[in-house]
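Hi,

Here is the structure I promised to pass on to you. Please have it open while you read, as my notes follow below.

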Amino acid sequence: MEISGIISAIVIGLIIGVLGRLVVPGRQHIGVLWTIVVGIVAALIGSAIAAGLGVADTKGPDWIEWLIQIALAAVGISALDRSRSRR
């Protein structure tokens with residue numbers, strides 16, 4: 001993977017993580033780095049799911065893929081927030 005691929009993964013992960021964080025109601029007790037990590041993981045898994053469903057490559061924006069990624073990020077942020085709030 002080239003440096004541009006790594007940078008784009010971080011930027012996309014940040015966007016997906018922030019959007020996922022906005023979907024979750026209330027205040028989350030996780031930091032920005034965890035938001036980025038959850039966003040990157042959600043983006044990768046969401047892309048794989050969208051490819052499996054056949055909706056990853058469409059004409060124009062891939063709205064279904066984005067929705068899958070944001071939903072996965074919201075679930076990941078909720079799970080991480082709950083696990084960290086129990087400590």
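**The cores**

The largest nonpolar core has 6 residues in all: Val 24, Ile 30, Val 38, Ala 74, Ile 77 and Leu 80. Helix H3 gives the largest share of this core, with 3 residues. There is also a second, separate core of 5 residues, and among them are Ile 16, Ala 42, Ala 43 and Ile 70. Please keep in mind that this is a predicted model.

What does Ile 77 touch, leaving aside its neighbours within four places in sequence? Its contacts are Gly 17, Gly 20, Arg 21, Val 24, Gln 28, Ile 30, Thr 35 and Val 38.

**The overall picture**

The protein has 3 helices and 0 strands, and from the N terminus on the elements run α-α-α. Along its principal axes, the C-alpha trace spans about 45 × 30 × 20 Å. A compact globule with 87 residues would have a radius of gyration near 12 Å, and the 13 Å of the protein agrees with that.

Of the 87 residues, 31% count as buried. The protein exposes about 5,900 Å², and carbon and sulfur atoms supply 70% of that area. As for contacts between residues at least 6 apart in sequence, 65% of them join residues at least 24 apart.

**Helix H1**

H1 has 21 residues, which at 1.5 Å a residue should span 30 Å; the end C-alpha atoms are 30 Å apart, so the two agree. Its buried residues are Gly 13, Ile 16, Gly 17 and Gly 20. Because they cover an arc of only 105 degrees around the axis, they sit on the same side of H1. On the other side of the helix, Ile 3 and Leu 22 are exposed. The cover over the buried residues of H1 includes H2 and H3. Gly 17 and Gly 20 are also among the contacts of Ile 77, and Ile 16 belongs to the second core.

Is Ile 6 buried, partly exposed or exposed? Its relative accessibility is 37%, so Ile 6 counts as partly exposed. The C-alpha atom of Ile 6 is separated by 10 Å from that of Ile 40, although the two residues are 34 apart along the chain.

**Helix H3**

H3 runs over residues 63-85, which makes 23 residues. From its first C-alpha to its last it reaches 32 Å, close to the 33 Å expected at 1.5 Å a residue. Which residues of H3 are buried? They are Glu 65, Ile 68, Gln 69, Ile 70, Ala 73, Ala 74, Ile 77, Leu 80 and Asp 81. What covers them includes helix H1 (3-23) and helix H2 (32-53).

Glu 65, found in H3, may be worth a look. Its relative accessibility is 11%, and therefore Glu 65 counts as buried, the cut-off being under 20%. Leaving aside its neighbours within four places in sequence, Glu 65 is in contact with Gly 46, Ser 47, Ala 50 and Ala 56.

Best wishes

Conventions: Residues numbered from 1 in each chain as written. Predicted model: local features only at pLDDT ≥ 70, side-chain atom pairs only at ≥ 80, totals over all residues. Heavy atoms only, no water. Helix = DSSP H or I, 4+ residues; strand = E, 2+ residues; numbered from the N terminus. Expected span 1.5 Å × (residues − 1). Buried < 20%, exposed > 50% of the residue type's maximum accessible area, 1.4 Å probe, protein only. Contact = heavy atoms within 4.5 Å. Core = buried A, V, L, I, M, F, W, Y, C linked by side-chain atoms within 4.5 Å. Arc of directions from axis to C-beta. Rg over C-alpha atoms; globule rule 2.2 N^0.38 Å. Areas by Shrake-Rupley, 256 points an atom, 1.4 Å probe, with all protein chains shown as cover.
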